[in-house]
Amino acid sequence: QVQLVESGGGLVQPGGSLRLSCAASGSIFVFRAMGWYRQAPGKQRELVARISWGGAINYADSVKGRFTISRDNTKNTVYLQMNSLKPEDTAVYYCTSLDGRTWDSPPRYWGQGTQVTVSS
């Protein structure tokens with residue numbers, strides 16, 4: 001069964017931190033790159049970060065130095081640690097399994113999304 005389940009979203013004040021998790025079924029995690037995208041109201045879905053099966057990482061310029069993507073291959077889980085959050089980070093965050101081992105592969109499967117709201 002193909003499944004991506006995100007968790008960890010919520011409401012946080014500017015400057016705060018959140019950690020998102022995405023648990024994946026094995027068939028769409030093993031030997032696949034994984035990624036996080038986000039979509040704010042009225043905007044297109046955009047890349048946040050991607051991580052290859054081998055651990056190479058790619059970040060959007062807007063989150064470099066603040067967000068960290070990682071994966072635990074023993075748990076079929078990918079994480080997104082978000083620090084120094086800004087109101088413009090407010091969006092629904094989606095986990096994706098990419099169609100290949102490297103981070104430049106296209107997204108193939110999507111989770112249901114988790115809401116992140118940054119507001120005072």
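F67 stands opposite M82 in β8. The model is predicted, and local features require pLDDT of at least 70, side-chain atom pairs count only at pLDDT 80 or more, and totals for chains, interfaces and linings use all residues. Residues are numbered from 1 along each chain as its sequence is written, and side-chain values use heavy atoms, with hydrogens and water left out.

Strand β8 (residues 77-82) runs antiparallel to β7, and 6 bridges join the two; strands are taken to pair if DSSP finds at least two bridges between them. Both belong to an open sheet of 4 strands in the order β1-β3-β8-β7, with antiparallel pairing. Its edge strands, β1 (4-7) and β7 (67-72), each pair on one side only. On average, neighbouring strands of this sheet are turned by 15° against each other, direction ignored; the axes are lines fitted to C-alpha atoms, and angles run from 0 to 180 degrees between N-to-C directions.

The C-alpha trace spans about 40 × 25 × 25 Å along its principal axes. Of the 120 residues, 46% count as buried (buried, under 20% relative accessible area; exposed, over 50%; partly exposed, in between; 1.4 Å probe, protein chains only).

A search of the whole structure finds 4 aromatic pairs. The rings of F29 and W53 have centres 6.4 Å apart and planes at 80°, so this pair is edge-to-face (rings of Phe, Tyr and Trp, the last by its six-membered ring, pair if their centres lie within 6.5 Å; planes under 30 degrees apart are stacked, over 60 edge-to-face, the rest tilted). F29 lies in the loop between β3 (18-24) and β4 (34-39), and W53 in the loop between β5 (46-51) and β6 (57-59), so the pair ties together parts 24 residues apart in sequence. F29 is buried, at 0% relative accessible area, whereas W53 is partly exposed, at 22%. F29, F31 and W53 form one aromatic cluster.

Y94 and W110 form an edge-to-face pair, 6.4 Å centre to centre with 85° between the planes. This pair links Y94 in strand β9 (residues 91-98) to W110 in strand β10 (residues 107-110), 16 residues apart. Y94 is buried, with a relative accessible area of 14%, while W110 is partly exposed at 36%.
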